[in-house]
Amino acid sequence: MDIVANINKIKSELPEGVKLVAVSKTKPNEDIMSAYNAGHKIFGENKVQDLVRKYEELPKDTEWHFIGHLQSNKVKYIAPFVYLIHAVDSFKLLKVINKEGMKNNRVINCLFQMHIAEEETKFGMSFGELTDILNADEFKELKFVKIEGLMGMATNTPDKNQVRKEFSYLKSCFDKLGADFFKGDTDFKYLSMGMSGDYKIAVEEGANIVRVGSLIFGARNYGR
Ligand SMILES: *Cc1c(COP(=O)(O)O)cnc(C)c1O
């Protein structure tokens with residue numbers, strides 16, 4: 001795997017303004033350092049323990065994104081340094097992140113994860129659940145979280161039209177929430193969608209963060 005060549009190729013093809021999160025989950029520090037030394041410093045992990053270890057071992061100017069399902073009792077471990085939490089999928093979790101942000105005296109940037117896929121196993125909220133949160137008085141009191149946009153994962157299917165429809169739906173939710181709840185708030189700006197298999201469609205449908213792993217680092221081996 002030529003990690004640097006892979007990253008450079010993807011970056012050269014992404015439109016300006018689209019952020020590439022290199023998903024380094026399960027991959028060793030050497031792989032991350034190859035990308036880092038070539039100038040790419042934005043990485044995504046989906047396990048708290050791995051993220052904390054890599055944060056401790058790797059250079060401190062790395063931008064760490066937490067992209068997986070986050071358990072409330074583990075927020076405290078990443079709260080001091082995480083750059084963006086992509087997958088806030090409940091009000092309860094958001095309140096815990098706020099509490100940990102307060103303890104660390106930092107505002108933690110978050111995206112709401114929406115459920116757009118057919119698979120029930122994927123996490124995320126419906127549009128209605130999101131608007132309920134945004135309308136809640138309690139939400140307005142959370143001073144240590146900042147909602148910067150939405151994240152979603154499309155159905156794992158070869159049907160490109162379905163994937164496109166799901167991304168397009170997420171974009172329409174992003175636009176609607178932006179207009180209804182974040183008018184004039186330039187921090188509500190990120191639409192995180194697209195992985196190795198579907199990031200090009202995601203970008204066409206309006207993604208400005210893509211999360212790409214295996215296309216950069218090679219297939220993951222979970223068996224060991
Ligand atoms: C693993 C993962 C990715 C990257 O997947 P690839 O198919 O390897 O690009 C993106 N987003 C999330 C939430 C992931 O868990």
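Guide: A charge sits over a ring if NZ of Lys or CZ of Arg is within 6 Å of the ring centre and within 35 degrees of the ring normal. Here, Lys60 lies over the face of Tyr55, 4.7 Å from the ring centre. Likewise, Lys95 is placed over the face of Phe91, at 4.3 Å from the ring centre. The model is predicted: local features need pLDDT of at least 70, side-chain atom pairs count only at pLDDT 80 or more, and totals for chains, interfaces and linings use all residues. Residues are numbered from 1 along each chain as its sequence is written, and side-chain values use heavy atoms, leaving out hydrogens and water.

Visitor: How is a pair of aromatic rings described?

Guide: By the distance of the centres and the angle of the planes. Rings of Phe, Tyr and Trp (its six-membered ring) pair if their centres lie within 6.5 Å; planes under 30 degrees apart count as stacked, over 60 as edge-to-face and the rest as tilted. This structure contains four aromatic pairs. Tyr55 and Phe81 are stacked because their ring centres are 3.8 Å apart and their planes meet at 10°.

Visitor: Are Tyr55 and Phe81 buried or exposed?

Guide: Buried means under 20% relative accessible area, exposed over 50%, and partly exposed in between (1.4 Å probe, protein chains only). Tyr55 is partly exposed at 24%, whereas Phe81 is buried at 13%.

Visitor: Which residues do ring pairs link into a cluster?

Guide: Phe174, Phe182 and Phe188. Within it, Phe182 and Phe188 are stacked, 4.0 Å centre to centre with 5° between the planes. Phe182 is buried at 10% relative accessible area, and Phe188 is buried at 9%.
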